[in-house]
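Please open the model in a viewer and keep the sequence at hand. The tour begins at the ligand and then moves to a helix.

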Amino acid sequence: MKPFSHASFVASAGRPGDMPPPGPPEVAFAGRSNVGKSSAINSIVGRKRLAYTSKTPGRTQTINFYELADGSRLVDLPGYGYARVPQPLRAQWGQLVGAYLRSGRALVGVVVVMDARHPLTPLDRQLLEWLGGVRVLLLLAKADKLTRAEQAATLKKVGALAHNQMRLFSSLTRQGVEECRRLLEDWLGQAAGIKNPR
Ligand code: GDP
């Protein structure tokens, strides 16, 4: 079954206590506000507005949980690093995401969405450090804003700095969409294999 072929909203948690109990494998998406995270989620699940594409970025400090066709979950973590978000909200980001990461979930990996034009900002690096040993896919979003030569140079630069899997991605041209979906389905498939060994 292709888990990403059907995705439906499960819960929106503004506080740790509102998160659905852990259980099924989860793939989480994180990224600086406005990098194109919602658009990437929508492209990958093939839905126009599953993850809300916000015009006033950084306001929604909630973790949104979606259920995929096989019962696994896609988890949309709140965007970080939006300059106009007041300090208490930023502290809330750390508390909420920290609680998510510590809540004993079957987290198979985190997709860190970055703007291909400004990859690995200090905040992105902090997040990667914080994630520690969790498997990470770096999504270089809005790749359509780069020429082919710039795309190649970006891959080289990011590859030299980070030892994670990475993909160029564009919700606009759909570059990388199928490939990412397949990769994430692989992650989830591996998790299912471990949970139910034959
Ligand atoms: P989020 O805050 O990270 O969830 O970002 P959104 O998905 O809401 O996108 C922020 C802005 O970037 C919106 O104006 C989108 O239309 C635009 N955007 C998102 N993805 C792409 C993309 O692949 N290419 C281009 N050119 N613009 C994009």
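Select the ligand and Ser171: a polar backbone atom of Ser171 lies 2.8 Å from an oxygen atom of the ligand, a polar contact being a pair of N or O atoms within 3.5 Å. The protein covers 80% of the 580 Å² of accessible area that the ligand has on its own (Shrake-Rupley method, 1.4 Å probe).

This is a predicted model, in which local features need pLDDT of at least 70 and side-chain atom pairs count only at pLDDT 80 or more, while totals for chains, interfaces and linings use all residues. Residues are numbered from 1 along each chain as its sequence is written, and side-chain values use heavy atoms, with hydrogens and water left out.

Next, select Ser38, where an N or O atom of the side chain is 2.6 Å from an oxygen atom of the ligand. At Asp144, a polar side-chain atom lies 2.7 Å from a nitrogen atom of the ligand.

Now display the shell around the ligand: 17 residues, of which Asn34, Lys37, Ser38, Ser39 and Asp144 come nearest (a residue is near if one of its heavy atoms lies within 4 Å).

Move on to helix H3, residues 122–131, a DSSP run of H or I with at least four residues, numbered from the N terminus. Asp124, Leu127, Leu128 and Leu131 are buried here, that is, under 20% relative accessible area, whereas exposed means over 50% (1.4 Å probe, protein chains only). Viewed down the axis of H3, the buried residues fall within an arc of 100°, so they line one face of the helix; the arc is that of the directions from the helix axis to the C-beta atoms.

Finish at Gly132, which follows H3 and has a positive phi, near 55°.

Notes
Polar contact = N/O pair within 3.5 Å; in protein donor to acceptor, adjacent residues only side chain to side chain. Helix = DSSP H or I, 4+ residues; strand = E, 2+ residues; numbered from the N terminus.
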